[in-house]
Amino acid sequence: EESNIARTYMARGDLPNALKICEKLQAPLLFGRYYLLKKEYRLAKEEFGRKLPAAEKERAINDMLASYTGYALACEGLKEYDLAARYYKKAVSALEKMRSQLAASQRFYFFSAEDRTEPYEGLVRVSQYTNKDIRGSFYYAEFTRSQLFTESAAKRYGAPETRIPADIANTETRLADKIAATYKEMETAFEDKDTNRYKELETQLSNEQKEQGMFIEKLRKNYPEYASVMYPQPVYPEDIVMKPDEVIIEYEVTAPYTEVFVIKGNKIVYTGKIQIPRKELSELAKKYRSYFEGLTKSSQLTAYNPQTGNKLYNLLLKDIFEKKDPAGHIIISKSAKIIIMPDEILGILPFESLVTAFPEKLHMPSGKFGPVPVGVKYVGDEYDIVYYHSSTALTMQRNKKRKNAAEKSLLVI
């Protein structure tokens, strides 16, 4: 199909050939994507806006999702942040509807599909511009992490229905499948223009969703560990279980740039934008990682280039470590316990090995385990770092430890 060929050209950066197909097909969604890549946001907004009425009228869920997301991206590019947030939220609603139409077993593989986290990532970026909602921005970052964590665990260990009694698992599946079936009936009623039936099904769906919501609340009460994985509730900064000497540095990688949040004392004390596109950041992280892995002999260590590590340090940590609070104090002292929560490609990066300083001329004499760079200083030389998947996962684990400790306590009279 020519539209897929056009998308392939766009993915490769071959915009001239993509444009030829766009002009031939005159497809607004393709043109919109093309203009987004060209950063011609006004034209992109017009193209996606041209598609929106037909997509909504026909209830074409995939076209609605693409139109909402594309329109939001165009508005974001034009710095129309309130409008961008509105359409990202419409895209999120479309995604939730798509997910609800799937059988329970299929939902474990939904968000890991390409582009399905894009509306949430968009909300991470624009929320802080709408009423300066930094907490909301952090919340959406946590949401994508919790969903992807659930799917990753399911892929690795299988669906976790066995962690609850069989009758509870059957009820869970039955409720989810009922909702999926009702959505399909609604689509049929819409196509048949059966307005009365459609309204009946809307009421039925609302009741089924309420029933499912009540069931999930019971799961949270009776099977909290299972519910926390299957129905994660992202935390806000004030809800994170933190120790007084801890500082969280959490990253959210998105297509145009990476957001970073620094949390201290359960408050966001710093936010920043790391101005490097996802693709370039991925290439840089992989390049640095290649100095340490896949080596078959010690002599290969001479390929190490501290400049790469220093570039990553300057991008990811330097501004954070130099940031001061209003009183003029460094927000992260060297005695702090730093918890880094990487995202996507940053998950393979050993932050301790990032280079804070290196000599103008590198000297690498032979050591016990091969060539050793002399005069190079690393993050790990000055800071104590541990890693967690997310603030939500950290809080879940610590709450579980507290509960287990409490259950093991014994009062003797």
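Two strands pair here if DSSP finds at least two bridges between them, and strands themselves are DSSP runs (E, at least two residues), numbered from the N terminus. Keep that in mind as we walk through this predicted model, where local features need pLDDT of at least 70, side-chain atom pairs count only at pLDDT 80 or more, and totals for chains, interfaces and linings use all residues. Residues are numbered from 1 along each chain as its sequence is written, and side-chain values use heavy atoms, with hydrogens and water left out.

Let's start at strand β4, which spans residues 337-341. On one side there's strand β1 (residues 246-253), running parallel to β4 and joined to it by five bridges. If you want a spot to look at, find Glu250, which sits opposite Met341 in β4. β4 also pairs with strand β9 (residues 384-387), again in the parallel sense, over four bridges. There, Lys337 has Asp384 of β9 as its bridge partner. As for cover, four of the five residues in β4 are buried, meaning under 20% relative accessible area with a 1.4 Å probe, protein chains only.

Now for the cysteines. A disulfide is a covalent bond between the sulfur atoms of two cysteines. The cut-off used is a pair of cysteine sulfur atoms within 2.5 Å, and the structure holds zero of them. Cys22 is in no disulfide, and its nearest cysteine sulfur belongs to Cys75, 20 Å away.

Note on methods:
Buried < 20%, exposed > 50% of the residue type's maximum accessible area, 1.4 Å probe, protein only.
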